[in-house]
Amino acid sequence: LRETPSSKYAQRTEWNVRDSDATVVFTVEARIVGGTLLTLEIARRLNKPLLCLHRGNAASPTVASAASKLIRFLCDNRVQRLNVAGPRGSQQPEAAEYGRSVLKRVYNSLPGREYASTQH
């Protein structure tokens, strides 16, 4: 973990993409803007593996299929360090829960793992 010299999100975003093996972006709405769009652009510019998981209006069945896609993506790209991104909670409040649900399912699929929530 290294702090960026600038407090601007663009530099943090670039360093997060640069310093990871791949990036996954979780969204609920189809329209991608702001920092989330910047993340996609940087990943493409740096030729980093990128997976966008869009929940849309569906719920649980999409979590299972998204988790399968993410597992395949992680294996295919031999990812050790994953950058997890998405829109701000003020823009898409459900995106964080969607991402958390998918990541929980992926984590629980690993041998000997059980997700422990750190939320109180």
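**Sheet, helices and core of the predicted model**

Helix 4 lies across strand 1, strand 2 and strand 3, and runs at about 130° to strand 1. The model is predicted. Helix 2, residues 34-45, also lies across strand 1, strand 2 and strand 3. Its direction is at about 155° to strand 1.

The three strands form an open sheet in the order 2-1-3, with parallel pairing. Strand 2 and strand 3 (82-85) are the edge strands, and each pairs on one side only. Direction ignored, neighbouring strands of the sheet are turned by 15° against each other on average. Strand 1 and strand 2 run parallel and are joined by 5 bridges. Within this pairing, Thr23 has Leu50 of strand 2 as its bridge partner. In general, strands of a sheet pair through backbone hydrogen bonds, in either a parallel or an antiparallel manner.

Helix 2 was examined in more detail. The helix has 12 residues and reaches 17 Å from its first C-alpha to its last. This span is close to the 16 Å expected at 1.5 Å a residue. Thr36, Thr39, Leu40, Ile42 and Ala43 are the buried residues of helix 2. Seen down the helix axis, these buried residues fall within an arc of 165°, so they line one face of helix 2. The cover over them includes helix 1 (9-18), strand 1, strand 2 and strand 3. Arg44 and Arg45, on the other side of helix 2, are exposed. Just after helix 2, Asn47 takes a positive phi of about 55°.

The largest nonpolar core contains 14 residues. Those that touch the most other members are Val24, Phe26, Leu51, Leu53, Leu70, Tyr98 and Val102. At least two residues of this core come from each of strand 1 (22-27), strand 2 (50-54), helix 3 (60-76) and helix 4 (93-108). Helix 3 gives the most, with 5 residues. In soluble globular proteins, nonpolar side chains tend to be buried together.

The contacts of Leu53 were then listed, leaving out residues up to four places away in sequence.

Definitions and conventions. Residues are numbered from 1 along each chain as its sequence is written. This is a predicted model: local features need pLDDT of at least 70, side-chain atom pairs count only at pLDDT 80 or more; totals for chains, interfaces and linings use all residues. Side-chain values use heavy atoms; hydrogens and water are left out. A nonpolar core is a set of buried Ala, Val, Leu, Ile, Met, Phe, Trp, Tyr and Cys residues joined through side-chain atoms within 4.5 Å. Buried means under 20% relative accessible area, exposed over 50%, partly exposed in between (1.4 Å probe, protein chains only). Helices (H or I, at least four residues) and strands (E, at least two) are DSSP runs, numbered from the N terminus. Contact means heavy atoms within 4.5 Å. Two strands pair if DSSP finds at least two bridges between them. Axes are lines fitted to C-alpha atoms, for helices over the stretch in contact, and angles run from 0 to 180 degrees between N-to-C directions. The expected span of a helix is 1.5 Å times one less than its number of residues. The arc is that of the directions from the helix axis to the C-beta atoms.
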